[in-house]
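Take a look at the model below, and then we will go through some terms together.

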Amino acid sequence: MTSHEIASIVKGELHGSSDIMVDRVAEITRAGEGDLSFLDKASPGSTTSASCILVSLDFEHDALNVPAIIKVPEIHSSAVIALDAKIGAGVFIGAFCCVGESTSIGEGTQLRAGAKVGDKVSIGQNCVLHPNSFVDDGCSIGDNVILHSGVVIGADGFGYVRDKDRYVKFPQIGTVVIEDDVEIGANTCIDRGALGETQIGAGTKIDNLVQIAHNVQIGKRVVIAAQTGVSGSTIIEDDCVIGGQVGMGDHARVQSGAVIGSQAGVLPGKIVRRGVWWGTPVQPLDEYKRQNAHLKGIGRIKEDIAIIKKRLSEEKKK
Amino acid sequence: MTSHEIASIVKGELHGSSDIMVDRVAEITRAGEGDLSFLDKASPGSTTSASCILVSLDFEHDALNVPAIIKVPEIHSSAVIALDAKIGAGVFIGAFCCVGESTSIGEGTQLRAGAKVGDKVSIGQNCVLHPNSFVDDGCSIGDNVILHSGVVIGADGFGYVRDKDRYVKFPQIGTVVIEDDVEIGANTCIDRGALGETQIGAGTKIDNLVQIAHNVQIGKRVVIAAQTGVSGSTIIEDDCVIGGQVGMGDHARVQSGAVIGSQAGVLPGKIVRRGVWWGTPVQPLDEYKRQNAHLKGIGRIKEDIAIIKKRLSEEKKK
Amino acid sequence: MTSHEIASIVKGELHGSSDIMVDRVAEITRAGEGDLSFLDKASPGSTTSASCILVSLDFEHDALNVPAIIKVPEIHSSAVIALDAKIGAGVFIGAFCCVGESTSIGEGTQLRAGAKVGDKVSIGQNCVLHPNSFVDDGCSIGDNVILHSGVVIGADGFGYVRDKDRYVKFPQIGTVVIEDDVEIGANTCIDRGALGETQIGAGTKIDNLVQIAHNVQIGKRVVIAAQTGVSGSTIIEDDCVIGGQVGMGDHARVQSGAVIGSQAGVLPGKIVRRGVWWGTPVQPLDEYKRQNAHLKGIGRIKEDIAIIKKRLSEEKKK
């Protein structure tokens, strides 16, 4: 049953998406994905993973301290906006924001306090740039994109050429292109391409403190958990799920539908096929489990060998 | 002997805590915890882990470039403060700071340049919010809390529901509650609860670049080293010590007094009991060491087996 | 052949370093280090690792959205600069920047929007401090240093002494000294010394989201990839190369010329000699590979032992 159908049945108001599928009922603290639950009132410490929650019509949303995501359109007097920047209708620009030359900000987009956007940047409609986030010159952001606080889009990639007794910086003159409906977590960094682009496909969700290096190409609907790092020019195709603290070498390719467990390590140039992968270096989950079980059995193997040796030496004596 | 007793004996002035225990004397560069040491003058490169240091009364503290932690109370003219914000006595608010609506800042608290605090936030007394730190709407911070530069408190948790060909954002409408005497390192992120709270207990110390996900509950006097990540709804009880770059899955529980070594991995739902733990997946340190020793012995095992096989085939020939 | 010689041969203009060595020709998307390549026009998605690129004289550099690294000298009216700060000729100071008391900024240095510099800081010539970067009180930065967005230099190190039922903060009153030609990636943190200095040697390059703890000493021309963490008082000598997501315990020493692979773990106090190292705990790459091969062979060992046991028991029956 969908959230919309449930709302119709209970003659309630629907907040949120109308087509969330629900197939069970569960207690609020134990509910998970696909579960419908009920909340009397928000109490400190209450938490749920339910897909859908029924509350009474007089439910005090305020008790949840719901962050006021929708800001009244306003451009704060302290904001520094280039004369030739194009600012769409209904845009909110908070205190201490900067918008650079030849930059465009789409309708309904919010720049919260201290968000900074460089020159020749294109930012779509209905985006939210949280406080102290930064989009550097020449980058392009689609519609409905959320950049959390401290995000850095378009810093120079990490590329040097060793030249006798020093490193010479390889020019980092590409850009970053982020498509629609992308969300990027706090303090995550997405470097600009050396040449060409670093790309984040539509609908992709990236958690906090993630590192995306120059010229990485991430497909659509990819999920990347916190503190993962992706090295230069690696490709992650559509619909992959990457755990937290994963490290990927450069020029690797993660094929569509692959799932990589947390803390895994992908070697440079590696091709990771569809399926579930684990460990460093990554291997199919089944192999990883088998090997881990083997590992636990090494002590036993040593004992067996000691017994065999003893027996053989006894036979020899005979 | 306590630092206070030592100060009495040498008839010196005591700077810092009066009840630090000291039980040895050591040279300044080799001293560690519990050691008393002596410093003639601060020289470049000098470093110590001594618990207590004797210096002459004319010691030039300036030579140490001691950061001026205590700022003269002042509210900079550029700061943007909501009309209904409550600002306590002796508060310092630096340039380009923001304080949102219905927010309260306790006595003696310092917001250094560029620190930003959202709406309906409560910040206690004698806190320090370092430059460019950010506390989002509805979060609550106790007394004597230090947030280092770039800290993000209350960004949305990372929660989505897959719905056919897209991810739908699960509402992240809870808060973060940080109790008294907590210190949080630079660029660390603590996400708000989905519903309910993400909690950090009194006296807990968190290093730089740490990720704390939604609805995590961290007890009192917990120490977490740099770059560790804690997934959603995981509980870390009082007095745990967590190393650097540790990854914890969701819904795990680390019981009071557990110590987890650096780079360890805790699987989702895992219960980690009191004691010292190591490796991925975490195991008691003793087991980890034994297994590591076994691992180093695999080459030997292979040789043994080759010898045994040879001998058996020789016997067969006979 | 050098880039200069190539420019002479084609009678072209040379942009960039004149002494880059090139020894092959390769197609633009496949070229790597040491390759000469050719670019017709910049197209979305084009990317190369070529060391040298030939373009026509009418090549539209604008098509690459080259970031305007060189800003016209200017001090923005919103910047807050202490009266006694020394600002060199040709300095650019953007909107919402802060420069503290007794601080000096060298000739040609740029502080982009929102960059903040504390008191008694010395910053050399021709540096770039990207938006929202921060250098705290008393730190010292050489010439030609680049600090990317969100960098935090000089936050307190992570040091506490357990005192009965609480942690007492160990004073963090040292500084950070960064020598010439250093580049530091976005959201990287370099903590101040507890006493003495945290040091970064000339020509060293550090990627994004790296953690450098108090009193770490990093030599000259060291390269450190993203998300690596270095614990307190560890020494990395000249010309080392450290991969991404490496964790180093405290008081370790990495000797000159050592190369450490990504995700490796260096135990506290460990000495890592010249050569290539891998794994956790780090071991020479050869040993790591051998052990990994052994690991893959455990299943085989178990089978062998089962066969041997069967045979021995058969013999017994005889």
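Q: What makes Asp239(A) partly exposed?
A: The relative accessible area of Asp239(A) is 22%. Buried means under 20%, exposed over 50%, and partly exposed in between (1.4 Å probe, protein chains only). Therefore Asp239(A) counts as partly exposed. Asp239(A) sits in the loop between strand E29 (235-236) and strand E30 (241-242) of chain A, where strands are DSSP runs (E) of at least two residues and helices are runs (H or I) of at least four, numbered from the N terminus.

Before we go on, a word on the source: this is a predicted model, in which local features need pLDDT of at least 70 and side-chain atom pairs count only at pLDDT 80 or more, while totals for chains, interfaces and linings use all residues. Residues are numbered from 1 along each chain as its sequence is written, chains are lettered from A and ligands numbered from 1 in the order in which they are written, and side-chain values use heavy atoms, with hydrogens and water left out.

Q: Why is Gln263(A) called buried?
A: Its relative accessible area is 15%, and the cut-off for buried is under 20%, so Gln263(A) is buried. You can find Gln263(A) in the loop between strand E33 (258-260) and strand E34 (265-266) of chain A.

Q: What is noted about the phi of Gln263(A)?
A: Gln263(A) is not a glycine, yet its phi is positive, about 65 degrees. Most residues other than glycine have a negative phi.

Q: What makes the meeting of Arg112(A) and Asp136(B) a salt bridge?
A: Their side chains come to 2.9 Å, N to O. A salt bridge needs a side-chain nitrogen of Lys or Arg within 4 Å of a carboxyl oxygen of Asp or Glu, so this pair qualifies. Across the interface of chain A and chain B, the rule finds 5 salt bridges.

Q: Which element gives the most to the side of chain A that touches chain B?
A: That is H3(A), with 11 residues.

Q: How do you know that chain A and chain B are related by a three-fold axis?
A: Chain A can be laid on chain B by a turn of 120 degrees and a shift of 0.0 Å along the axis, with an RMSD of 0.1 Å. That is the relation of a three-fold axis. The superposition is by least squares on the C-alpha atoms of residues with pLDDT of at least 70 in both copies.
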